[in-house]
Amino acid sequence: MKTRWNEMTVSAQVMIIVRIVASIGVMVLAALQLLGVWDKAINLAAPLIGVVLLIQSIQEWKQHRGIAIFGLCAALFIFGCAIVVWFVR
């Protein structure tokens, strides 16, 4: 379902902008990790992927509830793994 930017609510617009910024951050951090510039970039990229999944799940909640629940579970798993990597290791 396509909607125009002007027809969206402010919260939907903010979620789209945050999702785009987080996606760009993931791509930059992945490139830094792959090129060997920053060896610990993946530790920040993983939680950002969780943020993207969380926002996407919120956006999909009304139309596709099953996909949204799966996305929420995946985001929680990613956040759990990030917590383990940050605090346990």
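**View 1. Confidence across the helices of the predicted model.** Helices here are DSSP runs of H or I with at least four residues, strands are runs of E with at least two, and both are numbered from the N terminus. The protein chain averages a pLDDT of 92, and 97% of the residues score at least 70. Because this is a predicted model, local features need pLDDT of at least 70 and side-chain atom pairs count only at pLDDT 80 or more, whereas totals for chains, interfaces and linings use all residues. Residues are numbered from 1 along each chain as its sequence is written, and side-chain values use heavy atoms, with hydrogens and water left out.

**View 2. The whole chain.** The protein chain has three helices and zero strands, and its elements run α-α-α from the N terminus on. Its C-alpha atoms fill a box of roughly 45 × 25 × 15 Å, taken along the principal axes. Buried residues (under 20% relative accessible area, with exposed meaning over 50% and partly exposed in between, for a 1.4 Å probe and protein chains only) make up 18% of the 89 residues.

**View 3. Helix H2 and its buried residues.** Helix H2, residues 42-60, has 19 residues and reaches 27 Å from its first C-alpha to its last, close to the 27 Å expected at 1.5 Å a residue, where the expected span is 1.5 Å times one less than the number of residues. Ala45, Pro47, Gly50, Val52, Ile55 and Ser57 are buried in H2, and the buried residues of this helix pack against H1 and H3.

View 4. Ser57, in helix H2, is buried, with a relative accessible area of 4%. Leaving aside neighbours within four places in sequence, Ser57 is in contact (heavy atoms within 4.5 Å) with Ala68, Gly71 and Leu72. For Leu72, the side chain of Ser57 reaches the backbone nitrogen at 3.2 Å.

**View 5. Leu76 on helix H3.** Leu76 lies in helix H3 and, in contrast to the buried Ser57, is exposed, with a relative accessible area of 62%. The C-alpha atoms of Leu76 and Leu48, which are 28 residues apart along the chain, are separated by 12 Å.

Methods:
pLDDT = per-residue confidence, 0-100. Polar contact = N/O pair within 3.5 Å; in protein donor to acceptor, adjacent residues only side chain to side chain.
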